[in-house]
Amino acid sequence: MTDEVTNGDEVTYASYLRIPELLSLQQCRSVDPDTGQPEHDETLFIVVHQVYELWFKQVLHELDALRGHLDADAPSRGAHQLKRVLKILKTLVAQLDVLETMTPLEFASFRPFLENASGFQSAQFRELEILLGQCDESHLEDHDADARKRLEHRLAEPTVWDAFVRFLARKGFAIPTSVLERDVTAPHEPSPEVQATLLNIYRSEPALLEICELLTDFDEGFMEWRYRHVMMVQRTIGTKRGTGGSDGAAYLRTTIMRPAFPDLWAIRASF
């Protein structure tokens, strides 16, 4: 909290939310050669991406709580977290509508000032991928020592799906040992045995069916955001390489149809 709060002064809207500090964080780097002022659209670019980072922080907070509820054998409490995250995902997609009001020419006016800065360097987004079992360990090289430490800590922890199937096993459902004891740093692989258990849940366990559907909703929403993000990048820079030397839209397209929970999608053809 700010000094005004800790020193016993009245808590105000501005002091509680640290509004002066918050509004000082939008530091443009560009310079319009005609006016000597920052390029107009750089402020929008900064605000949208800073807001993304705040939402990523909240999504991680909610998914960590979900995992905790599953570990405590309380999946119904975790459903609340999933419903909240679904609303956040809709907000993340809507933010792209705002960003797409910026034309390619307007982005080009300040893009060189980004230098090597790239969304690939978002440590919180990498944390989210790890939590969903979708991390490429080579991406850890894009981050500084402090961020790598956080990411390595995440990599050593069970994913959301690991927590879910371990909960099912404790409840007596048939989950293979190979799934329960898998290398948590590896991507999730579909399991016919897990799929058979899921089919049984859909047919006879309505409470758990709701959790399965919420997880599927989340997976679909995350893939929708990835798709809209790819199209926004392609609309803005086309086939150019991304900032920081990334492959831009070409790489992002490879991530679109990559579900976090493949078993939930595999069973759809079995009903």
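**Figure 1. Helix 4 contributes the largest share of the lining of the second largest pocket, namely four residues.** The model shown here and in the other views is predicted. Space of about 180 Å³ lies in this second largest pocket. Its lining consists of Leu22, Leu23, Leu25, Gln26, Val47, Gln50, Val51 and Leu54. Two elements, helix 3 (19-23) and helix 4, each supply at least two residues of that lining. Sorted by class, the lining residues of the second largest pocket are six nonpolar and two polar, with no charged residues.

**Figure 2. Helix 4 also packs against helix 7.** The crossing in which helix 4 passes helix 7 is left-handed. On the side of helix 4, the residues that meet helix 7 are Glu53, Phe56, Lys57, Val59, Leu60, Leu63, Asp64 and Arg67. Helix 7 meets them with Gln124, Phe125, Glu127, Leu128 and Leu131. The contact of helix 4 with helix 7 has seven nonpolar residues, one polar residue and five charged residues.

**Figure 3. Helix 9 packs against helix 12 with their axes 13 Å apart.** Helix 9 (residues 160-170) and helix 12 make an angle of about 165°. Helix 9 is therefore roughly antiparallel to helix 12, because angles over 145 degrees count as roughly antiparallel. Helix 9 passes helix 12 in a crossing that is left-handed. From helix 9, the contact is made by Val160, Trp161, Phe164, Phe167 and Leu168. From helix 12, the partners are Leu208, Ile211, Cys212 and Leu215. By class, the contact of helix 9 with helix 12 has nine nonpolar residues, and it has no polar and no charged residues.

**Figure 4. Helix 11 crosses helix 12 at roughly 120°.** Here the axes of helix 11 (residues 192-204) and helix 12 (residues 206-237) come within 7 Å. This angle makes helix 11 oblique to helix 12. The crossing of helix 11 past helix 12 is left-handed. Helix 11 takes part in the contact through Leu198, Ile201, Tyr202 and Ser204. Helix 12 takes part through Pro206, Leu208, Leu209, Cys212, Glu213 and Thr216. The residues of the contact of helix 11 with helix 12 comprise seven nonpolar, two polar and one charged. Leu208 and Cys212 of helix 12 belong to this contact and also to the contact with helix 9.

**Figure 5. The largest cavity holds about 60 Å³ of space.** The count of cavities of 30 Å³ or more comes to one. Residues that line the largest cavity include Ile130, Gly133, Gln134 and Cys135. The lining of the largest cavity divides by class into six nonpolar, four polar and two charged residues.

**Figure 6. The protein chain as a whole has 14 helices and zero strands.** This final view sets the preceding close-ups in context. Read from the N terminus on, the order of elements in the protein chain is α-α-α-α-α-α-α-α-α-α-α-α-α-α. Along the principal axes, the C-alpha atoms of the protein chain fill a box of roughly 70 × 55 × 35 Å.

Note on methods
Residues numbered from 1 in each chain as written. Predicted model: local features only at pLDDT ≥ 70, side-chain atom pairs only at ≥ 80, totals over all residues. Heavy atoms only, no water. Axes fitted to C-alpha atoms, helices over the stretch in contact; angles between N-to-C directions. Parallel < 35°, antiparallel > 145°, perpendicular 65-115°, else oblique. Left-handed = near helix turned anticlockwise from the far one by under 90°. Contact = heavy atoms within 4.5 Å. Nonpolar A, V, L, I, M, F, W, Y, C, P; charged D, E, K, R; others polar. 1 Å grid on protein atoms, 1.4 Å probe; cavity = no way out; pocket = protein on both sides within 12 Å on 5 of 7 lines; lining within 4 Å. Points joined across faces, edges and corners; volume = space filled by probe spheres on them.
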